[in-house]
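Student: I have a model open and want to go through its geometry. Can we start with the terms and then move to the details?

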Amino acid sequence: MKKPKKRKKSSPLKKLMNIAETLWKLKAKHRDGNRCSLCESTKILQVDHCFSRTCKELFLEIDNATTLCASCHTKKSFSVHGFDELVREHVEKRVGKDRFEEMRAIYKKNAPFDWTFDKLEKKIQELA
Ligand SMILES: [Zn+2]
């Protein structure tokens, strides 16, 4: 049997990135008691990026992570019933105003940022 040819091989950097993201999710869920931070549901938990995942620098930041159930996460993503504001308030309360503003500044600045092996290894140690 021939192997399927279409599947793209993931680069080693991408693989390490996936490991780091998995750890980031596990750490967030553990910190949040494996419950949705808004409604306390324990079903279908996901981890939300308070400041969008498009910001690479905050992508693996544990302070930027919030455990949400799929339902609350969808509402947050589409700004239904002010759920995005609720998540922001929750994060600000959890990390403190200074840290929240620090993250907001990083997000707004949106400086070029690339994950390298060195940066990822450090981050993985921090998350492990
Ligand atoms: Zn929920």
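Tutor: A residue is called buried if 20 or more other C-beta atoms lie within 10 Å of its own, exposed if 12 or fewer, and partly exposed in between, with C-beta atoms placed from the backbone. Of the 128 residues of the protein, 23% count as buried. This is a predicted model: local features need pLDDT of at least 70, side-chain atom pairs count only at pLDDT 80 or more, and totals for chains, interfaces and linings use all residues. Residues are numbered from 1 along each chain as its sequence is written.

Student: How many helices and strands are there in the protein?

Tutor: The protein has 5 helices and 2 strands. Helices (H or I, at least four residues) and strands (E, at least two) are DSSP runs, numbered from the N terminus. In order from the N terminus, the elements are α-β-β-α-α-α-α.

Student: What does the C-alpha trace span along its principal axes?

Tutor: About 50 × 35 × 25 Å.

Student: And what share of the contacts comes from residues 24 or more positions apart?

Tutor: Among contacts with a separation of 6 or more, 69% are between residues 24 or more positions apart. Two residues are in contact if their C-beta atoms, placed from the backbone, lie within 7 Å.

Student: Now the strands. How many bridges join strand 1 to strand 2?

Tutor: Strand 1 (residues 45-49) and strand 2 run antiparallel and are joined by 5 bridges. For strands to pair, DSSP has to find at least two bridges between them. Leu45 has Cys69 of strand 2 as its bridge partner.

Student: Is strand 2 buried or exposed?

Tutor: Strand 2 (residues 65-69) has 5 of its 5 residues buried, so it is largely enclosed by the rest of the structure. Both of its faces are covered, with Ala65, Thr67 and Cys69 buried on one side and Thr66 and Leu68 buried on the other.

Student: What does Ile62 touch, beyond residues up to four places away in sequence?

Tutor: Ile62 touches Trp24, Lys27, Ala28 and Leu127. Ile62 lies in the loop between strand 1 and strand 2, and it counts as partly exposed because it has 15 C-beta neighbours inside 10 Å. Its C-alpha atom is 9.6 Å from that of Arg31, 31 residues away along the chain.

Student: Switching to helices. At what angle do the axes of helix 2 and helix 3 cross?

Tutor: The axes of helix 2 (residues 70-77) and helix 3 cross at roughly 105° and come within 7 Å. Axes are lines fitted to C-alpha atoms, for helices over the stretch in contact, and angles run from 0 to 180 degrees between N-to-C directions. Helix 2 and helix 3 are therefore roughly perpendicular to each other. Angles under 35 degrees count as roughly parallel, over 145 as roughly antiparallel, 65 to 115 as roughly perpendicular and the rest as oblique.

Student: Which residues make that contact?

Tutor: Cys72, Lys75 and Lys76 of helix 2 and Phe83, Asp84 and Val87 of helix 3. By class, the contact of helix 2 with helix 3 has 3 nonpolar, no polar and 3 charged residues. Ala, Val, Leu, Ile, Met, Phe, Trp, Tyr, Cys and Pro count as nonpolar, Asp, Glu, Lys and Arg as charged, and the others, Gly among them, as polar.

Student: And how do helix 3 and helix 4 cross?

Tutor: The axes of helix 3 (residues 83-95) and helix 4 (residues 97-109) come within 6 Å and cross at roughly 120°, so the two helices are oblique to each other. Val91, Glu92 and Val95 of helix 3 meet Lys97, Arg99 and Phe100 of helix 4. These residues divide into 3 nonpolar, no polar and 3 charged.

Student: What follows just after helix 3?

Tutor: Gly96, which takes a positive phi of about 95°.

Student: Which residues other than glycine have a positive phi?

Tutor: Among them are Glu40, with phi near 70°, and Asn110, with phi near 50°. Most residues other than glycine have a negative phi. Glu40 is in the loop between helix 1 (12-31) and strand 1, and Asn110 is in the loop between helix 4 and helix 5. Glu40 is exposed, with 10 other C-beta atoms within 10 Å, and Asn110 is exposed, with 11.
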